[in-house]
Structures are given as structure tokens and as C-alpha cells.
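Reader: I have a model open and want to learn how to read it. Can you take me through it feature by feature?

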Amino acid sequence: MFERRLKILLIVLSVPAAAIVLRLVQLQVLEGESYAAAGKRMLARPPQYFPCLRGEIHDHEGRRLAYDAPAWDICVRYEALSGDSESLRLMARRMRLTATPAREQIDAGWQSIARLTETPIEELDDQAEVIRRRVRRIKQIVSNRRGIETPIEEEERAHAVVSGLDQNQQAVARVELAGYPWIEVVGAHARRYDGGESVGHLLGYLNEVSAADLEADPRRDDDLARYRDGDRRGIAGIEALGEQILRGRRGRRTERDTGVESIDPVEGGTFRLTIDLPLQQAVYERLAAAVKGIESATGGSAVILDVPSRQVLALVSYPGYDPNVTHAERVRLDADSKYRPLAFRAVAETYPPGSIAKPIVLAGALTSGIVTEGSSFTCSGQLFSGVADRWRCLGHHGDVSAVAAIQRSCNIYFYHVGQAMGVPNLASWMTHAGFDRPSGTGLIEEARGMLPRTDEPGPGDARNTAIGQGNVAVTPIQAANMIATIASGVYRPVTLWADDPQPRPAVPLTASRDALRAVRLGMYRAANEEHGTAYNHIHLTNTGDLVLLGKTGSAETGQGRVVEWIFDCRYADGSLDELVAANKTDLFLRYPRTRRAVEIKARSYQEFPTREMDPTHAWFAGYLTPQSRYLESSSGGRLNVAFAVLIEFGGRGGAVAAPVAGEIVQAMIDMQAHAGGPQ
Amino acid sequence: MILGLRLPTWHGWGLLLPIIPVCALGILTIEAIADPAGTKWLSSEAFRQLSYVLLGTGGMLVVLALGYHRIGHFAPLMFWGCVGLLFYIALDRYVDVPLVEVSSYGARRWIRLGPVPFQISELMKITYVLAIASYLRWRRNYRTFRGLVVPFALTLLPMALIKIQPDLGTALLFLPVLFAMLFAAGAKVRHLLTIVLMAVLAMPLFWFKIETYQRLRISGVFLQSEWVRHQFETHPHWWDRLRPASEKAADWRRELQDWEQLKGYQLVHSKTAVGGGGITGQGYAQGPFIENDKLLPERHNDFIFAMIASQWGLLGGLLVMACYAVMVIIGMDVATLTRDPFGRLVAVGFSSLLGVQTLTNLCVTIGLGPVTGVTLPFVSAGGSSLLASFTCIGLVISVAQHRPVIFGNEPFYFDEEVEKYQG
């Protein structure tokens, strides 16, 4: 019985064995030929890809602002980066090295890279970690898709750890690193920027694509255009705005049975801006000199627009930074919370407009019939007698008419006007001039600003709004466009990309012709006649037939800034730190150990002296127009530009911002006279 | 003795005869994979495999010196010890415990002992066969349906723990081995068939319990046929009906459309490697699957038979199969030589374990079964597998050499008539 059962067992086992033999005969004898051919086809090398050059960014005259320059990368093979002794051994075999490199040799090579490129070793380690994470992610994805742990090509390739070496550096690096065969110096391209500090914010920068970018890529289905792991894309400024134009298409070489198919890379398109580089630089210099000369000032911005087309001729923020900075340098800049060099003040920061909002308020009030040109209010320095510290004016203007209210910037007049107009009406006029709406640049940094809520305004809201305080905030570019709207009687979104196919329809401001004439007369007198707030602060020469109209503003900033914070850091082991720093980046840079903290809480630093009242933001916004018909709507011609100048915490608009604006306008006039400059 | 064949047993040493060529083919293939250009006369991978073979032989000799009987005394202890270790590994899934190795896939199969990780499930297979044999040797209650409960419980416990790792392929080896041992010991066929029938009926339930990748592996056996894929593509709702709830509809459709590039990649490439070998093979260290080291993942391990068939063709494949057949037949022969019930079950258990594992591996490689991680004994690279295989063989040889004189009935010969009378 036992033996019989064993026989049955053997017979049962021989059934699958027979099936296997039959299957082997089927695969190897009957279909052997076709499988052999299929195996050969599998040997075909995977397609090789060649990077394309990223497009250039030009100013409106075709001056180059950003381009891909030849550069060299230091690449390290993945096996050496992974540090795993098994993969090191495999690498040695693949590279036919006589001996497996020891860990000390790998470390020595690593140190050499750090020394040669003057990169801190921590930064290199961070980069290595990024690469490791990327390769692991790819491996995970491939393995999951195939349902079996799969080796991938990226594990046996060199990856760039330091990029952008120039000719000399790469020659030195080749010699110094020759002893480490797993380190290669490879020709590549690096993004370079011309134009210096003045265009740092504007041009933006590139960063490696994230998993989310791969997912959201609009050209995901095009194998040659889509992002691949390790690609870089614009994530700020023009680099981000023009990404789809600039990115280009990579080349590919595929070996097939029928021959080699190769597709050449297609260079990215040129992205032309409306910016005028010499003007941008000139404005930046003037602004820099002004901010440096005022102790309280922490920065500034100036925007110049062509009135008829609303093309942005200059978009300047100070302090700026050289767009060629490395990531680490950018992090260090981020730690400066007083001057905030990374802040793109011209479009990304909002400020109370203060008195430069008065022109649009007056235009609305005159058009709606709330006041007439002849009617006046009496200014005694304060709105309510007996309340000295609120609702004040800066002078005792006596009887003030509409034109004089602009010329002398009388708050009392506008308190009355605002009260009569109400918040909804004020907000509506401001919106029509471009407040609280996208300016049209398309930059992702753009802030929208703010207007008071119209549904339930508080008692003082209308008065505050009428003088550009309270819940009103604008960016410098919105301020400049508001002035251009007053100058031409037409609102239009601005244009920054010269070839933007998106139409920018002009919307006439509903203000009456007389109302605009009154406002313009006030702005003319403010700059050119006695008692004008900017009179004597601006001295222009060689103006020819041009005249400057403008409005000053000294926007109150309310309570003081907190420029330093106390950070309570709690660590995993329960210990606590109480440290003072400007922001989290600053904290990490100053006290590296805080990176390991599990919880960080910020408290404001109560004793810090800047709790006292800060100086006002100094504004000057205006435009140039022909003297012969300065009360009429501007419609082009020589130097028909509108501009806004802001000095952050600079003080008085007339005394501080107006002279800077004067210098900027003078520079524009001179440049135009010399070279037939802008417009 | 059985099947009318008289294979030379030579006190069990005959078992080593087919093992030598199989081990040699394994080492040669690993050498070809590691160093196809032949720059060194022995690559470190092949050297490592050779050392494991020698180590395994040493282990086998130790087992022989101890004798299967003495080892058998400790069978229950070793069994529960192994279950404890598997439980310890499973614990790592929930709390981090030391010494447990985690693969990049999140599988936990190894315990690190000094510099070498050891796969506990390999040890489990050996102690399991010993434990079942020791449980069944003096009993006869397994001839009742209720008597089968304990052997099945003893099987399902390690299976469940290995399934958690997860290593479904290894876990599923236990059942056929249990059936073979129960059958050889004389369990009633209708009981066993009832259990098989119940398992078959329960299978559709399992379909909804298993992971997506496991479903796709099982589907892969059918999807490799272009005709089946075409049927699913023309009737997409049939395919959608198989979709697990956790899977997005679009992803599930893509698994079908790009099957050859996704879950079918491994199977298509493995079949191509086998088929490309033809009758006589591409030659040693030749062929596309040697040339490109990325075409067939796991080619040195679970898919090493594909590399053998690719290099030496149908002839090489048949040689390997013949070797295993001889091993199993001699193993069964050994069972008839002894009258010790424990020895009989040990020989039957290990022979069927060897046979089942080999058949599973070959079926996976050529697409007759779903992809599971089961090694080819004596051939696949890996110390745990080799050591375990040599220990099994050592135990079988030990049975052949120690034949205690037992007075009494021939074990496992049941007289159905008498039983009926007694019952």
C-alpha cells in the first residue's frame, strides 16, 4: 500500500513535469526562431536623449538678458554616491578598475570637489541626497509598474553634483580629479544672466522639476518636450512666465532594425520683454543711491509704463541681487528680514497708496457730482475740533477747492469727499483704475493688493479710503497704471511680454472730461507751482515741450515692524532653545542645530525698539505729457510715460520720493536725447 | 525499487550523483552573468556560490553525523522555535525590532546573523517536514476527517506568517508537501479530495482578498496569450469586472494595454530567454540576456533556469529536469528501504518538497504559473536556499543509512476490511 501510494505520488508529480517538457519544446523548438529574434531586438539600445538649449530672454531692443552658456558639470557615478560597498564593487568591475575603491578614496574625491568648487561639504551632501532620492524614486516606480524589483540605468550613471564650471575651473578640475575615475567633468550648459542686480527679481530663476511638475506638465504626452527627472524649469520671474516659450525640445537618437533615427534638439524660443535694459539699470542706480542715503529707508521700487500701450519699460526693486547667484546665496539673502533683498517690491509687495490715491478719488467725486470744481471745504488742520490726534491734515489750508486739494494734498477736503462718496463708490472708482486686480504682467509673484470690504464698512472707512489709507493697498505697478489711467482717461492692463498674443482691451474711464482736467491741473500745480507738494523738489532740464504732472504720497505704515523674533525650538530629546533671529531661514543659518528641532514657534520680540511709529512710505507718481495740451488726455508722442516711485519707510513723498522721481525722469530725458532712447 | 526502476542508492550516497551537475550548472551560470567577458577565472559571485555549496556539503555531513533520529527528537522544539522567529519578523511590520532586514519593497524575510542575512522561511520548510513527520509517525487518527485538523493547523500557522512577509510563493509550497505526506501515510483519499474541493470552491473569495499585483500575476498566466488579451480588449467590461476597488479604472485598463511593458515584462523576457535558447542553446556566456544585464531582473536567482535554458537550450533544460527527477525518485526509494515510520515520512516529505519547489520554479519561468519568488534548489544564487537544500538531502541520506530493525507491522499498511470491522 505504501509503495503503491508513492508510485501514485510520483505519477502526480510527473504530470506537471510533462507539461513543462512540452512547454519547453513549444518555446525552444517550435517558436525558438522567433524568440531568438525577439531577444536580439531587446538588445537594441534605449533611445539616447540630447538636451536642448533654453531660449534667451531679451529686452525690447534685443539686448540679451538670459541665455544658456557653455559650462561644465562635475558628475559622480551613482555607485559612489550611494556609498554601498556592493555597488562600489560592481562599479569597479564595470569600469574595469583594478581594485574596488575604498570608502576613504570616495571621501577624498568628495573633499576635492568641495575644495575645487568652493562648495561647502554640507551642500554637496544635500545634492547627493537629492540624487539618491531621485534614483530611488525612479527605481520604485519602474519596479512597481513591472511588479518585480528592476535594476535601472540611472544606478550606473554619473550624476551632476556641481554645475556651471567655467573654462578655467573645468581645466583645473579635470587635472585634480583625474585620480578618481568615478568622477567625471562633463560639458553642459549653464543659465547665465546679463543686466546685473537691476534685473534679478525680474528674470527669476530655475529649479529642478518636482514630481508634481511632471504630473502637471502641459506637454506631458510629447516624449521630446516633456519634463524628465532632473530637468530644470523656471519657477520665478520671467523664467516662470516664459517657461512654455523658453523650454524647447530635446533631441533623440534611436537605433532600430531599419537604421538609426535621429531627431535634432530644437532650441527654446526667445522671450522678448518690453523692458528697456539701460533705463532699467539707470533707474536702479538712482533708486539705490536714494535708499542708501536715507537711514530709515529699507528699500524701494520704481515702475515706468508707456501710457498708450501700457508696456512696462522699467520694473525695478531695490535691493536687488545678481541673478547669477547660487541657491545657497539666495538662501542667505532670504535671511535678511530688514532689507528683504528677495522681495520683488514692484509687483509682489503691497503698500498703502496714501495721497497718490487722491487723483482717482477726485475724478470719481467730480464725475458723480458729489463736489464741483468751484465748491470748497475749509481746512483748519483737523476734521473735528477737539480731536487733535486723528483725522488730521498736514497743513492749515483754509478754503480748499478741488484743484487745490490735489495741489496741496489736503486730507480734510478728501475726508469730506470720502464721507459723501461712501466706500462702495470709492472702491468702484479705484477698481476701474486697476486697484485690487491683476496688473497684466502675468508674473506668478504678482500680488493683487486690497480694497476695503464694501458690504459693511465701518464709520471711518470711507474717510480713510479717500486718502489711500486703511484697508487700501497697492503694488507700485498698480500705482503707475492708475496714473497712466488718469493721464489717458483709459484703463488698460500692462504688457510685459512684447509678443504677448493676449489682447489688452482699453476700457475708457467713466470720468467726465472736466473732472479729469481738474485732476490734471491739480497734479500740474503740485509739481510746477508754488504751494505744490512737489514744487521745488523736482528740477528738470532739457525737457523741451514736455511737462511733468504728479502727485506725492506719504503713506502711514501704522504700527512698527517686527524685524526680529524669538523662536522657541523644541528638540526630540525634550531640550528647549530660545533664540532671536529675523526669520526661520536666518535662524537655521545662525544656529544650524535648530534644523533638527521637532517644533519651532515664533513670538514677536516685544522689547525691540522698532515698536515705535515707523516713518511713512514715500511715494511719487506722475507722468510726462506735452506742455501745449497737458490738461487733455495723453495719446502718445515723445516720452509719454507714467511712473510710480516708492521709497519704503523713506518719509515724506515730496521731500524724499519726488527728487528721486525727478532724477529718474531726467535720466530718461537725457537717454532719449542722446540715443533716441525709449519711445 | 518502485516504478520498477532500480536506481543506484548506495546507502543514500546515490542522491549526490544528480546534485553535482545541477550545482555546477548553477555556479557556471552565475559566473557567466557576473563576468561574461571572462576577465577573471572566478568572479566573486561565483566564488561565493561555490563556498555556499561547500558550506552546504559540510552542513549535510554534520546532519549525517548527528543522524535524522536524533534531530527528530527536537523536531517540535525546532518547529516552534522557527514559528517564533517568523513571528518576530512579522512583528517588525508593526514595531521596529532589531536584526530584521527589510527589502526595498518592504518585504521582511531575513534575520541578520553577523554579516549574513538568513532567510527564516527556508529553515521553516525543514523543521516543518520534520515536525509533521514526527507528529504522524505513531498516530493513525489522520485516517479520520477530524484527525486532519491538527496537521492542517500546524501547516496554516507558518503559512500565514510567511504570507505576511509577504512571500506567497514559499507559503504555498507547504500545502502540497502536507498532502504528499498525508497521502503517503495513508490518509483517506476522499478526505483529501474533499479538502481540495473546498479550497477550489473558496478560491473566488480569495480573488477579492489579494493585492492588485497578485491579481495581475495570476492574470498574467492567461494574459501572455495574445488571443486572451485581444478578447479582453474587445470586451473591456470583462476586464473591468476583475478590477480591484482600490485601483483606478484608467490604470487598470493600462495594465491590460501595456501588459508586455508592465506586469508582463518579466514573463515576456523570461520566455524570450528560454525560447531563444533553441535546441542546443546560445552557448556558454552568450546571448542577449547575458550581454545586457537589465533585460531579465532576478536572472541569477529565481529566474536562473531561463539563463540555463538560454545558454544550453532544450538539452540543458532536459538535463536539469532529469537530475531533479532522479533526486525525487531516489528520495522516494529511500522511503521504501526503511521500516522506521518517522524515516519514511522524512524521506517522502523532503523528496516531495524538492519536487514541488522545482516544478513551481520551472512553471514560473516558462509562464505556466504566476510569478512567485521561489528559488530553484541547488542552482539559484543564495546561501539560505543552498544550505536548506543540502540539509534536506543530508536528512534523506541519513534515513537511508540508519535503518533500525523494527519488529511489528509494516508501517502505513492499513487493512481497510479490518478497520471497517473494528470501527
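Author: We go through sheets, a helix pair, the chain interface and salt bridges. One caution comes before that: this is a predicted model.

Reader: Start with sheets. What holds strands together in general, and what is the strand order of the open sheet in chain B?

Author: Strands of a sheet pair through backbone hydrogen bonds, either parallel or antiparallel. In chain B, three strands form an open sheet in the order S1-S2-S3, with antiparallel pairing. Strand S1 (100-102) and strand S3 (116-119) of chain B stand at the edges. Each has a single partner strand, so one side of each is left without a neighbour in the sheet. On average, neighbouring strands of this sheet are turned by 45° against each other, direction ignored.

Reader: How many bridges join S1(B) to S2(B), and which residue stands opposite Val102(B)?

Author: Three bridges link S1(B) with strand S2 (residues 108-113) of chain B, in the antiparallel sense. Opposite Val102(B) stands Arg108(B), in S2(B).

Reader: And how many bridges join S2(B) and S3(B)?

Author: Four, again with antiparallel pairing. Ile111(B) has Phe118(B) in S3(B) as its bridge partner. The hairpin of S2(B) and S3(B) has two residues between the strands. There, Gly114(B) takes a positive phi near 65°.

Reader: Which helix lies across S2 and S3 of chain B?

Author: Helix H5 (residues 120-136) of chain B does. H5(B) runs at about 40° to S3(B).

Reader: Now chain A. What is the order of the strands in its open sheet of three?

Author: The order is S1-S8-S9 in chain A, and the pairing is antiparallel. Strand S1 (48-50) and strand S9 (259-263) of chain A are the edge strands, each pairing on one side only. The twist averages 15° from one strand to the next. S1(A) and strand S8 (residues 251-256) of chain A run antiparallel, joined by three bridges. Tyr49(A) has Arg252(A) in S8(A) as its bridge partner.

Reader: Next, helix packing. What describes a packed pair, and at what angle do H13(B) and H16(B) cross?

Author: Two packed helices are described by the angle between their axes and the distance between the axes. Here the axes of helix H13 (residues 265-276) and helix H16 (residues 341-366) of chain B cross at roughly 100° and come within 7 Å. H13(B) and H16(B) are therefore roughly perpendicular to each other.

Reader: Which residues of H13(B) and H16(B) meet?

Author: From H13(B) come Leu267(B), Ser270(B), Lys271(B) and Val274(B). They meet Val364(B), Thr365(B) and Ile366(B) in H16(B). The residues of this contact divide into four nonpolar, two polar and one charged.

Reader: On to the interface. How is its size given, and what area do chain B and chain A bury?

Author: The size of an interface is often given as the accessible area lost when the parts come together. Chain B and chain A bury about 5,200 Å² between them. Carbon and sulfur atoms carry 68% of that. Chain B gives 70 residues to the contact, and chain A gives 48 residues.

Reader: How many salt bridges are found across that interface?

Author: Two. Lys294(B) forms a salt bridge with Glu156(A), where the closest N and O atoms are 2.9 Å apart.

Reader: And how many salt bridges does the structure hold over all chains?

Author: The total over all chains is 42. One pair is Arg134(A) with Glu208(A), at 2.7 Å from N to O. This pair links distant parts of the chain, 74 residues apart. Arg134(A) is in helix H6 (residues 121-146) of chain A, and Glu208(A) is in strand S6 (residues 206-208) of chain A.

Conventions. Residues are numbered from 1 along each chain as its sequence is written. Chains are lettered from A and ligands numbered from 1 in the order in which they are written. This is a predicted model: local features need pLDDT of at least 70, side-chain atom pairs count only at pLDDT 80 or more; totals for chains, interfaces and linings use all residues. Side-chain values use heavy atoms; hydrogens and water are left out. Two strands pair if DSSP finds at least two bridges between them. Axes are lines fitted to C-alpha atoms, for helices over the stretch in contact, and angles run from 0 to 180 degrees between N-to-C directions. Contact means heavy atoms within 4.5 Å. Angles under 35 degrees count as roughly parallel, over 145 as roughly antiparallel, 65 to 115 as roughly perpendicular and the rest as oblique. Ala, Val, Leu, Ile, Met, Phe, Trp, Tyr, Cys and Pro count as nonpolar, Asp, Glu, Lys and Arg as charged, and the others, Gly among them, as polar. Buried area is the accessible area (1.4 Å probe) that two parts lose on being put together, summed over both. A salt bridge is a side-chain nitrogen of Lys or Arg within 4 Å of a carboxyl oxygen of Asp or Glu.
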